Amino acid sequence: MNMKKFLAYALLLLLLTGSLQKFIADPGGVNWFANTLCVVVSGVSVAISGRPGMDPAFFNILVLALCIVSLAIAWGQWFVLGTGVAEATFVPIITGLIWRFRPKNSKNPTSAA
């Protein structure tokens with residue numbers, strides 16, 4: 001496993017652990033559930049999106065949509081309702097950045113001349 005992939009998985013695991021811990025401590029916090037779901041789907045997508053036969057555009061839409069929805073929920077609970085915390089907004093932003101700069105397969109098919 002290369003260093004970039006290890007770093008991506010380590011950051012996703014850290015975000016998942018934090019989100020799960022906060023969700024278990026406050027089960028009424030919908031933002032932490034959305035963050036947990038966002039991180040899990042992103043991690044699975046990073047793992048399988050590079051496989052042959054997978055559609056990278058689908059995973060791109062899936063992960064970015066989840067990140068946006070999770071960010072909207074976290075921001076709404078924090079800023080609008082006043083029941084959330086500002087740290088919940090960082091999880092989907094960091095997850096989206098990990099997805100954006102995820103390690104991609106660098107297989108260069110050789111062309112037959």
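This is a predicted model: local features need pLDDT of at least 70, side-chain atom pairs count only at pLDDT 80 or more; totals for chains, interfaces and linings use all residues.

Trainee: Why is cysteine 38 called buried?

Mentor: Buried means under 20% relative accessible area, exposed means over 50%, and partly exposed lies in between, with a 1.4 Å probe and protein chains only. Cysteine 38 has 1% relative accessibility and therefore counts as buried. Cysteine 67, at 6%, also counts as buried.

Trainee: What makes up the helical architecture of the protein?

Mentor: There are four helices and zero strands, and the elements run α-α-α-α from the N terminus on. Helices (H or I, at least four residues) and strands (E, at least two) are DSSP runs, numbered from the N terminus. The C-alpha atoms fill a box of roughly 65 × 25 × 15 Å along the principal axes. Of the 113 residues, 32% are buried.

Trainee: What makes a group of residues the largest nonpolar core here?

Mentor: A nonpolar core is a set of buried Ala, Val, Leu, Ile, Met, Phe, Trp, Tyr and Cys residues joined through side-chain atoms within 4.5 Å. The largest such core has 15 residues, and those with the most contacts inside it are Leu12, Leu15, Val39, Val91, Ile98 and Trp99. At least two residues of this core come from each of α1 (3-25), α2 (30-48), α3 (56-80) and α4 (90-100).

Trainee: Which residues does leucine 12 contact, apart from its neighbours within four places in sequence?

Mentor: Contact means heavy atoms within 4.5 Å. By that criterion leucine 12 is in contact with Val39, Ser42, Gly43, Val46, Thr95 and Ile98.

Trainee: Why are the buried residues of α4 said to lie on the same side?

Mentor: The residues concerned are Val91, Pro92, Thr95, Gly96, Ile98 and Trp99. They cover an arc of only 160° around the axis, so they lie on the same side of α4; the arc is that of the directions from the helix axis to the C-beta atoms. An α-helix has 3.6 residues a turn, so residues three or four places apart point the same way. The cover over the buried residues of α4 includes α1, α2 and α3.

Trainee: Why is the pair of phenylalanine 23 and phenylalanine 33 called tilted?

Mentor: Rings of Phe, Tyr and Trp (its six-membered ring) pair if their centres lie within 6.5 Å; planes under 30 degrees apart count as stacked, over 60 as edge-to-face and the rest as tilted. A search of the whole structure finds four aromatic pairs. In this one the centres are 5.7 Å apart and the planes stand at 45°, so the pair is tilted. The pair links distant parts of the chain, with phenylalanine 23 in helix α1 and phenylalanine 33 in helix α2, 10 residues apart. Phenylalanine 23, at 25% relative accessibility, counts as partly exposed, as does phenylalanine 33 at 47%.

Trainee: How do you know that tryptophan 78 and phenylalanine 79 form a tilted pair?

Mentor: Their rings are 6.0 Å centre to centre, with 55° between the planes. Tryptophan 78, with a relative accessible area of 35%, is partly exposed, whereas phenylalanine 79 counts as exposed at 56%. Ring pairs also link Trp75, Trp78 and Phe79 into a cluster.

Methods: Residues are numbered from 1 along each chain as its sequence is written. Side-chain values use heavy atoms; hydrogens and water are left out.
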